[in-house]
2 protein chains.
Amino acid sequence: MLRSRWLLPGASLALGAGLGAAVAARRRAEGDAAEGLLGRLPVVPVVAAATGPPALPGSGRAELTKYGLPGLAQLRSRESYVLCYDPRSRSALWVIEQLNRETLSGTSDRAACDFQEDDSVHEYHRATNADYRGSGFDRGHLAAAANHKWSQKAMRDTFYLSNIAPQNPHLNQNAWNNLEKYSRSLARNNKNVYVCTGPLYLPRMEADGKMYVKYQVIGKNNVAVPTHFFKVLILEKESGEIELRSYVMPNSPVDEQIPLERFLVPIESIERASGLLFVPNILKRTSNLKAITAGNKR
Amino acid sequence: MLRSRWLLPGASLALGAGLGAAVAARRRAEGDAAEGLLGRLPVVPVVAAATGPPALPGSGRAELTKYGLPGLAQLRSRESYVLCYDPRSRSALWVIEQLNRETLSGTSDRAACDFQEDDSVHEYHRATNADYRGSGFDRGHLAAAANHKWSQKAMRDTFYLSNIAPQNPHLNQNAWNNLEKYSRSLARNNKNVYVCTGPLYLPRMEADGKMYVKYQVIGKNNVAVPTHFFKVLILEKESGEIELRSYVMPNSPVDEQIPLERFLVPIESIERASGLLFVPNILKRTSNLKAITAGNKR
């Protein structure tokens with residue numbers, strides 16, 4: 001095993017304590033999860049290690065998946081959000097919440113919540129509080145805690161580290177916080193606001209003229225630090241009209257004097273960069289869609 | 001719209017021609033796909049833009065997903081492989097093939113195959129041949145063409161750009177090619193070999209002592225260039241024993257004089273780095289599993 005280390009000079013391919021130990025640890029983790037967290041929470045079971053083969057429409061060769069599929073979408077449905085986990089980055093691909101006057105009112109207390117590991121995620125792919133300690137990054141909520149005052153459990157669910165990403169502290173506590181507050185003010189003045197939040201890893205040109213994606217990873221588990229964050233707001237107005245507002249902020253200090261509308265971007269930009277699609281689904285629900293971008297305001 | 005550009009200095013968040021045009025283009029693409037490629041191929045439908053909400057076990061709040069889920073696993077089941085597409089990197093997360101004496105024999109001809117866009121992938125997230133042109137990278141097969149001589153269609157299916165990743169030409173034509181040949185020799189001498197191949201994006205330490213993931217992206221569509229590739233071989237022996245061999249090679253020139261066994265790594269390393277899981281599924285099928293790593297040979 002040791003001899004294989006040399007092949008990855010400088011690169012971090014974590015080498016474990018051997019397969020036997022790894023398998024034993026995994027079985028313990030799965031057992032604990034089934035008896036513990038998964039038994040209590042309304043959580044979609046981990047499908048990454050699902051028993052194969054699933055039904056594959058059009059496949060004449062089910063034999064292909066005899067030993068299973070090594071990874072599929074890892075959905076989590078919780079009191080306050082639905083989330084798709086990205087086991088490679090140790091965080092979420094996207095998180096959806098529904099905000100309205102009811103979800104915003106209540107007496108739930110943030111002080112009663114602690115950031116906690118998400119035991120429903122395999123230990124190989126899970127962020128821990130230790131990963132964040134001393135990293136210089138905040139544990140930034142994707143679905144915001146203050147959006148879910150209606151239920152202490154809903155608020156507590158936002159503290160799972162699967163709903164968290166490493167976020168620049170200044171951003172988290174200022175401009176991004178303002179965007180979250182603005183989402184809530186829209187929810188108070190409309191029928192519903194659906195909020196989808198997630199990380200972006202955007203390329204930039206370097207001195208050699210080529211484009212590179214570069215991002216830090218923190219802690220023993222290599223939790224990915226996004227270069228940017230997106231937030232897509234789908235407003236249901238009392239009139240029945242649907243309004244779309246999509247924002248991107250860099251994961252760095254942002255002057256909170258800059259008006260939020262300056263961070264509006266065309267939804268297409270987020271769809272291209274994130275690998276996600278929003279508009280096709282919305283158009284299945286309504287033909288009364290209005291997209292607000294900074295351009296609309298001119 | 002223009003005013004929002006400034007917020008991403010140096011970063012590439014592709015700004016399109018506005019939402020209206022984008023939506024129209026998307027509708028055309030979806031229409032074409034349904035009548036064209038998707039109508040003819042045994043392809044799992046694109047689920048990223050699936051009509052929401054799906055059944056979410058344990059969710060008391062289906063209302064949350066009223067406007068759909070922005071992204072889910074994008075499986076493709078083809079003649080020669082099952083693949084999970086990664087719309088963010090414009091390539092696959094993993095590809096599984098089954099090799100045995102039958103799949104290796106036949107007269108299918110590589111010269112009759114052309115690299116082709118995968119029209120079943122949304123145009124925002126699809127690699128094109130133009131992305132590779134002049135990039136300095138080969139269009140490297142994940143499921144190898146020469147593994148599927150049994151059927152011209154199976155071979156042709158390996159030429160979809162969803163089964164391709166940007167690969168260093170020297171690696172593609174030498175050491176990686178040798179690993180593919182070795183997989184075939186194992187398939188000739190065993191009952192079956194299941195091969196799972198995919199990209200890795202491994203972090204490395206930089207001068208500031210912090211860990212970073214950094215990779216190039218090529219072409220207009222920002223196709224991600226993996227830092228490494230993995231190949232996991234699951235051997236079914238005539239005796240019934242299952243043997244596991246897992247390899248990692250860097251996406252750079254590799255001296256082909258180096259024995260392939262030096263590139264063996266513990267499966268756990270690949271599982272941690274890729275966000276995938278192999279062993280739990282295999283253990284559901286057999287208790288007779290032997291893992292071969294370089295360490296076994298000492």
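**Close-up views of a predicted model**

At 4% relative accessibility, A:C196 counts as buried (buried is under 20% relative accessible area, exposed over 50%, partly exposed in between; 1.4 Å probe, protein chains only). This is a predicted model, where local features need pLDDT of at least 70, side-chain atom pairs count only at pLDDT 80 or more, and totals for chains, interfaces and linings use all residues. Residues are numbered from 1 along each chain as its sequence is written, chains are lettered from A and ligands numbered from 1 in the order in which they are written, and side-chain values use heavy atoms, with hydrogens and water left out.

**View 1. Cysteines without a disulfide.** Over all chains, the structure holds zero disulfides (a disulfide is a pair of cysteine sulfur atoms within 2.5 Å). The closest cysteine sulfur to that of A:C196 is in A:C84, 10 Å away and too far for a bond. B:C84 is in no disulfide either; its nearest cysteine sulfur, in B:C196, is 10 Å away. B:C84 is buried, at 2% relative accessible area.

**View 2. An annotated asparagine, A:N172.** The unreviewed UniProt entry marks A:N172 as "binding site"; such annotations may be inferred rather than shown by experiment. A:N172 sits in helix α6 (residues 169–173) of chain A. Helices are DSSP runs (H or I, at least four residues), numbered from the N terminus. A:N172 is buried, at 17% relative accessibility. Beyond neighbours within four places in sequence, A:N172 contacts A:D138, A:G140, A:Q167 and A:N177 (heavy atoms within 4.5 Å).

**View 3. Helix α8 of chain B.** Seven of the eight residues in α8(B), residues 267–274, are buried. Among them are B:I267, B:I270 and B:A273. Just after α8(B), B:G275 takes a positive phi of about 80°.

Note on methods
Helices (H or I, at least four residues) and strands (E, at least two) are DSSP runs, numbered from the N terminus.
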